[in-house]
Amino acid sequence: MFCLESRETMPASVEEIEEAESEGIVVNPGWGPKEVLVDDNGEVRGIVLKKCLSVKDADGRFNPQYDENQLLTVECKHVFFSVGLSLIHISEPTRLGMIS
């Protein structure tokens, strides 16, 4: 698993990270996607990652900065992108048109 954040700032608890590692997941913090590699048939053959230097800017906004010269190529057949989302508590479902 590759993620933008450093291990210290990953949006996961220490216990969650340890549990993932105990299940054989290798955690590689501080890397972001640059390019998905495909063959002539369009099949995934790997991904090129670039080193993430920071995830947020001085104002705390999401604005990843990368070292475009520090690259890592990983051979693989599948790539899964995941975007972190937070749960939104809906206290008034009618406002969102969920109940007529």
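Visitor: Among contacts in the chain between residues at least 6 apart in sequence, what percentage join residues at least 24 apart?
Guide: The model is a predicted one, in which local features need pLDDT of at least 70, side-chain atom pairs count only at pLDDT 80 or more, and totals for chains, interfaces and linings use all residues. Residues are numbered from 1 along each chain as its sequence is written, and side-chain values use heavy atoms, with hydrogens and water left out. A contact means heavy atoms within 4.5 Å. Among contacts between residues at least 6 apart in sequence, the share that joins residues at least 24 apart is 41%.

Visitor: In what order do the elements of the chain run from the N terminus on?
Guide: Helices (H or I, at least four residues) and strands (E, at least two) are DSSP runs, numbered from the N terminus. The chain has one helix and five strands, and their order from the N terminus on is β-α-β-β-β-β.

Visitor: Which strands are the edge strands of the open sheet of three strands?
Guide: Two strands are taken to pair if DSSP finds at least two bridges between them. The open sheet has the order β3-β4-β5, with antiparallel pairing. Pairing on one side only marks the edge strands, which are β3 (31-38) and β5 (62-75).

Visitor: Over how many bridges do β4 and β5 pair?
Guide: In the hairpin that β4 and β5 form, five residues lie between the strands, and Gly60 in the turn has a positive phi of about 85°. Within this pairing, Cys52 has Tyr66 in β5 as its bridge partner, while Ile47 stands opposite Val74 in β5. The pairing of β4 (residues 44-56) with β5 is antiparallel, and its bridges number nine.

Visitor: Which residue in β4 stands opposite Val38?
Guide: β3 and β4 also form a hairpin with five residues between them, and here Gly42 is the turn residue with a positive phi of about 85°. These strands pair in the antiparallel sense over seven bridges, and the residue in β4 opposite Val38 is Val44.

Visitor: How many nonpolar residues are in the lining of the largest pocket?
Guide: A pocket is an open set of points on a 1 Å grid over the protein atoms alone, where a 1.4 Å probe fits, with protein on both sides within 12 Å along at least five of seven lines, and lining residues have an atom within 4 Å of a point. The largest pocket is lined by 30 residues, with Met1, Phe2, Cys3, Phe80 and Ser82 nearest its centre. Ala, Val, Leu, Ile, Met, Phe, Trp, Tyr, Cys and Pro count as nonpolar, Asp, Glu, Lys and Arg as charged, and the others, Gly among them, as polar. By these classes the lining has four polar and three charged residues, and its nonpolar residues number 23.
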